Amino acid sequence: MVAWLVGVIITAAIYKKHAWPFLRIQLINIATGFAGYYFLFKTIPSLQGSTVITGTIARESTSDRTALWLECLKFIQENPVFGIGPMNAPWHNSIMLQPHNSLLQLASEWGLPATFIILAIAGYGIAQWLKKFNINTLESQSSLDKNLAVILFFTIMTNAVYSLVDGVIVMPISQVLMFSMIGLMIGHYSYDNLLALKKVTK
């Protein structure tokens, strides 16, 4: 929920009126989802006096995450340059399968230099995206291209924030979806150049 909210705020702040059609759908969906959640998991069980539902996906504590993150900070302190090695956290701590934080995982497993390089590449990519797809340049684009730019940006921002609190970068399906989104962004960004190249080669 925090990742979604941060994604909404960043997208609204950057794309303003261009983001509203998409964000309106997001707000309707989240309101409907919350209403359904409270009706099915709170209202009905309380009316029935049921104790069957003992927990849901809504988290009430992050103490387990905090313990993992503190352990990662120890790994970084002990191995700042090369890290402990990819996916090696369980060898160093039997209770840790993954740290549930992408930055801490990269820094602890790959080392600080590699992490800074990855962040620099990501930052450069986002800067280039915003240079091509910003509130001014979107004015002249079609509705499809405009909405696609907003949706892709929102998705990548939300996923980036989500990776700071969950172990999504180690799950195969998450990795496939992550690189699919990055591929879609590269395709959308390069589409004009590809069209120009196609005309030249004809």
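## Salt bridges

A salt bridge is a side-chain nitrogen of Lys or Arg within 4 Å of a carboxyl oxygen of Asp or Glu. In this predicted model, the count by that rule comes to three salt bridges. One of them joins Lys17 to Glu139, with the closest N and O atoms 3.1 Å apart. This pair links distant parts of the chain, 122 residues apart: Lys17 sits in the loop between helix H1 (2–15) and H2, and Glu139 sits in the loop between H6 and helix H7 (143–162). Lys17 counts as exposed, at 56% relative accessibility. Glu139 is partly exposed, with a relative accessible area of 44%.

Arg65 forms a salt bridge with Asp166, and here the closest N and O atoms are 3.6 Å apart. Arg65 lies in helix H3 (residues 63–78) and Asp166 in the loop between H7 and helix H8 (172–201), so this bridge ties together parts of the chain that are 101 residues apart in sequence. Arg65 has 11% relative accessibility and counts as buried, while Asp166, at 22%, counts as partly exposed. Glu71 and Lys74 also form a salt bridge, with their closest N and O atoms 3.9 Å apart. Glu71 and Lys74 are three residues apart in helix H3, so about one helical turn separates them. Glu71 is buried, with a relative accessible area of 18%, whereas Lys74 is partly exposed at 46%.

## Overall layout

The secondary structure of the chain consists of eight helices and zero strands. Along the sequence this gives the pattern α-α-α-α-α-α-α-α. The chain has 202 residues, and buried residues make up 30% of them.

Among contacts in the chain with a separation of 6 or more, 71% are between residues 24 or more positions apart. The accessible surface of the chain comes to about 13,100 Å², and 70% of that surface belongs to carbon and sulfur atoms.

## Helices H5 and H6

Two packed helices are described by the angle between their axes and the distance between the axes. For H5 and helix H6 (residues 112–132), the angle is about 140° and the axes are 7 Å apart. That angle makes H5 oblique to H6. On the H5 side, Leu103, Leu106, Ala107 and Trp110 take part in the contact; they meet Leu112, Ala114, Thr115, Ile118 and Leu119 in H6.

Helix H5 (residues 102–110) also holds Gln105. Gln105 counts as buried because its relative accessibility is 3%, and buried means under 20%. Leaving aside residues up to four places away in sequence, Gln105 touches Met87, Pro99, Trp110, Ile169 and Val170.

## Two loop residues with positive phi

Met87, one of the residues touched by Gln105, lies in the loop between H3 and helix H4 (89–92). Met87 is not a glycine, yet it has a positive phi of about 60°. With a relative accessible area of 43%, Met87 is partly exposed.

His100 is found in the loop between H4 and H5. His100 has a positive phi of about 60° and is not a glycine. At 16% relative accessibility, His100 counts as buried.

Ala149 lies in helix H7. Is Ala149 buried or exposed? Ala149 is buried, because its relative accessible area is 0%. Not counting residues up to four places away in sequence, Ala149 touches Trp129, Phe133, Leu138 and His188.

Asn134 is 15 residues from Ala149 along the chain. The C-alpha atoms of Ala149 and Asn134 are separated by 9.0 Å.

## A nonpolar surface patch

Which residues form a nonpolar patch on the surface? The patch is formed by Phe39, Leu40, Phe41 and Ile44, which together have about 370 Å² of accessible area. Leu40, one of these residues, is found in helix H2 (residues 20–48).

Methods. Residues numbered from 1 in each chain as written. Predicted model: local features only at pLDDT ≥ 70, side-chain atom pairs only at ≥ 80, totals over all residues. Heavy atoms only, no water. Patch = residues over 30% accessible without salt bridge, like charges linked within 9 Å, V, L, I, M, F, W, Y side chains within 5 Å. Areas by Shrake-Rupley, 256 points an atom, 1.4 Å probe, with all protein chains shown as cover. Helix = DSSP H or I, 4+ residues; strand = E, 2+ residues; numbered from the N terminus. Buried < 20%, exposed > 50% of the residue type's maximum accessible area, 1.4 Å probe, protein only. Contact = heavy atoms within 4.5 Å. Axes fitted to C-alpha atoms, helices over the stretch in contact; angles between N-to-C directions. Parallel < 35°, antiparallel > 145°, perpendicular 65-115°, else oblique.
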